[in-house]
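Please examine the sequence and the structure below. The paragraphs that follow lead from the surroundings of the ligand to one residue of a helix.

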Amino acid sequence: MTTKHPQDTYSPRPDDHFTFGLWTVGNRGRDPFGDAVRAAIPPTTIVRRLAELGAYGVNFHDNDLIPFDATTADRERIVKDFKKALADTGMKVPMATTNLFYDACFKEGAYTSNDARVRAFALQKTMHAMDLGIEFGAKTYVFWGGREGLETNACKAPQDAIKRFREALNFLCEYARDNKYDYQFALEAKPNEPRGDLFLPTSGHMLAFIYTLDHPEMVGLNPETAHEQMSGLDFSHAVGQALEAGKLFHIDLNGQKPSRYDQDLRFGSEDQKGAFFLVKLLEDARWPGMRHFDSHAYRTEDEQGVWDFAHYSMRTYNILKEKVARFTADKEIQAILDEQRALDRQTVVDIGAGLRYSPRAATQLKQHVFDIAALRAQGFRYERLDQLTTELLLGTR
Ligand code: GCO
Ligand code: MN
Ligand code: MN
């Protein structure tokens with residue numbers, strides 16, 4: 001089956017650095033109310049089709065590639081075939097991760113389980129999965145604690161769960177160092193689902209936690225659009241804080257309707273304005289990371305719809321990137337922003353650059369007489385700025 005998408009300036013290319021999880025295009029449409037609607041697509045086929053569409057690479061959980069109960073011989077054969085597909089197409093594996101949520105043994109948690117045997121098994125499984133990622137040249141290792149949560153606070157105190165999560169990450173940082181694995185760890189927050197509540201529910205919680213680890217320099221964030229929006233938060237603010245802290249190690253792009261379960265919709269299919277500001281944030285910062293899509297096709301789709309979904313995810317990013325260039329080149333928009341920059345540059349008292357404290361600066365500032373009436377009278381022209389942005393996005397400028 002081939003999907004023909006016409007080539008134009010928005011067509012994805014490998015140097016756009018778009019990646020997909022094997023689990024995203026491989027999603028078979030299961031949900032809590034219905035079974036699979038699509039056949040499984042072999043990982044090697046996913047690699048070949050995504051390469052044709054212009055993607056840069058694929059990422060995987062250990063069990064997306066190697067089934068949970070595979071024999072050593074199975075593993076060797078699968079790895080060999082997958083390496084061949086990558087070599088044939090030039091596709092890369094920038095990120096790897098562990099499935100610590102699907103198997104029934106993880107129902108009470110993995111690193112945070114009350115059962116010490118499960119915690120130890122989760123570590124063992126992660127070490128094997130880290131070894132696998134290294135075989136494919138992965139540089140980022142993602143931690144999403146799908147089962148690290150609870151339904152009733154009667155079962156454990158959140159502080160104990162956080163301590164266990166810290167112990168596990170400290171252990172795995174040492175494992176990476178000991179083996180000279182060139183990984184950066186990226187922690188992914190989510191407020192709930194599949195557990196009633198998940199520990200460390202937002203990127204902000206995760207960021208604070210990172211600085212309590214033995215090797216905070218190895219660990220950053222993997223924020224996801226849908227997950228921040230589930231908490232009613234603006235995704236760009238989570239990403240902005242991660243960028244400012246030098247902790248944006250990876251990103252999960254998708255779409256989400258407000259206050260729902262985790263929908264993992266196609267990037268840009270919802271809240272196009274939010275998606276635009278997110279692309280603007282990443283592009284203005286010249287963020288060098290992968291533009292990874294953690295989403296899947298609607299359950300209504302057959303395999304053709306899956307490749308449409310993949311192509312349109314990348315295409316929308318490129319369209320929004322072009323809108324960002326237009327925003328930067330738009331004289332009326334920039335004139336308003338110039339007024340803001342001029343306001344920003346005003347000198348109140350001569351205390352040097354910024355608001356750096358000194359006793360002299362404090363004295364001068366305390367003595368300064370402000371023209372409060374002028375401050376009150378200042379208008380900011382954001383209605384016009386937003387309307388110009390809106391018209392740019394709607395295609396009328
Ligand atoms: C989800 C998560 C996952 C993770 C993936 C990689 O809500 O299902 O977003 O898709 O991103 O397990 O860690
Ligand atoms: Mn995700
Ligand atoms: Mn998700």
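A polar contact is a pair of N or O atoms within 3.5 Å; within protein, one must be able to donate a hydrogen and the other to accept it, and residues adjacent in sequence count only if both atoms are side-chain atoms. The model is predicted, so that local features need pLDDT of at least 70 and side-chain atom pairs count only at pLDDT 80 or more, while totals for chains, interfaces and linings use all residues. Side-chain values use heavy atoms, with hydrogens and water left out.

Around ligand 1 there are 13 residues, the closest being H61, E188, K190, E224 and D294; a residue is near a molecule if one of its heavy atoms lies within 4 Å of it. A polar atom in the side chain of H61 is 2.6 Å from an oxygen atom of ligand 1. The side chain of E188 has an N or O atom 2.8 Å from an oxygen atom of ligand 1, and the side chain of D262 likewise has an N or O atom 2.8 Å from an oxygen atom of the ligand. Ligand 1 taken alone exposes 330 Å², of which the protein buries 92% (Shrake-Rupley method, 1.4 Å probe).

T225 belongs to helix α8, residues 225-230 (a DSSP run of H or I, at least four residues). T225 counts as buried because its relative accessibility is 7%, the limit for buried being under 20% with a 1.4 Å probe and protein chains only. A polar side-chain atom of T225 lies 3.1 Å from the backbone nitrogen of N254.

Note on methods. Residues are numbered from 1 along each chain as its sequence is written. Chains are lettered from A and ligands numbered from 1 in the order in which they are written. Helices (H or I, at least four residues) and strands (E, at least two) are DSSP runs, numbered from the N terminus. Buried means under 20% relative accessible area, exposed over 50%, partly exposed in between (1.4 Å probe, protein chains only).
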